[in-house]
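Good morning, and thank you for coming.

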Protein chains: 2
Amino acid sequence: MSISVKAYAVLEEGGALQPFEYELDEIGPEQVDIKVEYCGVCHSDMSMVKNEWGMSTYPLVPGHEAVGTVVAAGEHVKGVKVGDKVGLGWFSGSCMHCRPCMTGNHNMCVSAESTIVERHGGFADHVRCHWAWAIPLPDGFDLAKAGPLFCGGITVFNPIVTGGVKPLDRVGVIGIGGLGHLVLQFLAKWGCEVTAFTSSPSKADLAREMGATHVVNSRDEEAMQDIAGSLDFILNTTNVSLNWPLYLNALSAFGTFHTVGAVLEPIPVPAFSLIGGHRSVSGSPLGSPALTRDMVSFCNRHDIFPITEEFALSDVNDAFEHLEAGKARFRIVLKV
Amino acid sequence: MSISVKAYAVLEEGGALQPFEYELDEIGPEQVDIKVEYCGVCHSDMSMVKNEWGMSTYPLVPGHEAVGTVVAAGEHVKGVKVGDKVGLGWFSGSCMHCRPCMTGNHNMCVSAESTIVERHGGFADHVRCHWAWAIPLPDGFDLAKAGPLFCGGITVFNPIVTGGVKPLDRVGVIGIGGLGHLVLQFLAKWGCEVTAFTSSPSKADLAREMGATHVVNSRDEEAMQDIAGSLDFILNTTNVSLNWPLYLNALSAFGTFHTVGAVLEPIPVPAFSLIGGHRSVSGSPLGSPALTRDMVSFCNRHDIFPITEEFALSDVNDAFEHLEAGKARFRIVLKV
């Protein structure tokens, strides 16, 4: 039985989104189909629409922060069942048998399938994925806000866990945007002393509200010098060039500067600043399915959700314009 | 009771070493005096003689890989006693109460004392240090070869332990010199699969003898491409600019590029290469006293020693010339 999917797609590089129908063929034995209720809008959707990473194919249905109900499941599906509420993020499939998969790192699968690469995503009434990437949601979880957790959220939750951040750590967060306002909430509930860096002083109050203990204006060199040697972990959520020496200087002994923002300029790292302080510079992609489940559980327990703005799926072009203008506060969700 | 020390010193920046006598005053309550039998010669001695780091004072007695016998101990000395054979490295004292000291990281002490900075080192018949940095040697340990372990050795042993290198890891070592030939031995006995990188094909046999499983000519771009994604940990022992992209490309998922060589050029690290592979770039200084004791025990158990060339202390200028000409195979030791 195939499903006729009502979606929004761009038909060519950089085009506008328009109504688009396509058929989902017979479901695979390990796949599930999700009836989408909400789907977040991420910067990566825009990058894919514009083919900024050279891996887009058209027609392209964006959307990789989908939330909805499992309506069909292949015969070998495990861990989720028809009727479950689930979230789906950037990854829609893993081979399940390569070394990364077999060590629990399905997010590093050598043949990982991405939700909107060479297949169609969540700006639609249905979306398909491998069961491992359909993350079950607890009863009562706020579906209207949950979407952005599955890309933005897990991107910043992953380094907290895999980077070994501890409740006693002093952690810095660069950028108070879609990712930043989530990681501030995570870290506050993680027990950390959190310093938010922002070049928009207007965001200081919001950063505190989200859980920041301190707010530092990253353009104030004196303020940056005052925190020299004080941070165990700095998480960069931006993809712009930064005053790298000032941030590296803010790291404590054994401190780590970690980026999830794909800055284009290579980061210039002086060996001296690493050696003397036993420091490191690192990065990470989105997290594994197991960790995404942990994140959902943590969010549920601590009532952590993104701040969202809702648009109807049919207004997706307005939503994109809003995002592109830098006006999103802080994540946009489409209601299907 | 003071000791009149017979040493070799340079009297001015870049000068030659010459016989020099000085007095060691009354010993401090936590200090020991060591009668030096052997002292290694390290590149850092030469850097200090030439004031390359801007922290030299003259007269300057180099030498920070000293081995000998404790001949005097202050009233509050712990852990070592008169008559013990000990080794002394780059650090000669720590405050013992700052946070790094209290967490076992005396090597990161905020007021650490260095053996040859503003005090006199081991090119002498006596040298003084805090008891914590006088590392006891087991009976029968080869004193004539032990010296270089306390600077060169612990510099490369430290990242193996603190970097969490495991026996199943595939580890790369850049540079088969004073440090490199030691870390190859450490890693072989650690159980690792070890790849030695060298631009001197003539060193390939030696690298294998020291424990390398594979040898790769770092100037052979094809060979470097062949190992893409295969190494869990790469340890750089050199301080020259490298083909960074090739080495970062050789890292596996979750891999770490770690430098103990103080490369002057900032290392250009593309965020992309960190994020996708969940990788890191890091550095470290010499290890703690506890770890130095562990290293000695590991060396003793596995018969790991540097390959040394011996000079008499009175021939120290010849030794320096030999080192500066790049002829040392692989560490020079002065016999006092």
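This is a predicted model: local features need pLDDT of at least 70, side-chain atom pairs count only at pLDDT 80 or more; totals for chains, interfaces and linings use all residues.

Across the interface of chain B and chain A, seven residue pairs are in polar contact, with both residues of each pair at pLDDT 80 or more.

Which elements of chain B form the side that touches chain A? At least two residues each come from α4 (152–162), β14 (251–259), β15 (267–269), α9 (271–275) and β16 (280–283) of chain B. By residue type, this side of chain B comprises 18 nonpolar residues, 12 polar ones and one charged residue.

Let us turn to the extent of the interface. In chain B, 31 residues are in contact with 31 residues of chain A. The two chains, B and A, bury about 2,400 Å² between them, and 73% of that area lies on carbon and sulfur atoms. Of the area that chain B buries against chain A, 23% is supplied by Met108(B), Ile275(B) and His278(B), more than by any other three residues.

Strand pairing also links the chains. Strand β15 of chain A, residues 267–269, pairs with β15(B) in the antiparallel sense over three bridges. Within this pairing, Ile267(B) is the residue opposite Val269(A).

Finally, consider chain A by itself. Its strands β4 (residues 66–73) and β5 (residues 85–88) pair antiparallel over four bridges, and Thr69(A) faces Lys85(A) there. Strand β5(A) is also joined by two bridges to β9 of chain A, residues 135–136, again antiparallel. In that case, Val86(A) stands opposite Pro136(A).

Technical notes. Residues are numbered from 1 along each chain as its sequence is written. Chains are lettered from A and ligands numbered from 1 in the order in which they are written. Side-chain values use heavy atoms; hydrogens and water are left out. Contact means heavy atoms within 4.5 Å. Buried area is the accessible area (1.4 Å probe) that two parts lose on being put together, summed over both. A polar contact is a pair of N or O atoms within 3.5 Å; within protein, one must be able to donate a hydrogen and the other to accept it, and residues adjacent in sequence count only if both atoms are side-chain atoms. Ala, Val, Leu, Ile, Met, Phe, Trp, Tyr, Cys and Pro count as nonpolar, Asp, Glu, Lys and Arg as charged, and the others, Gly among them, as polar. Two strands pair if DSSP finds at least two bridges between them.
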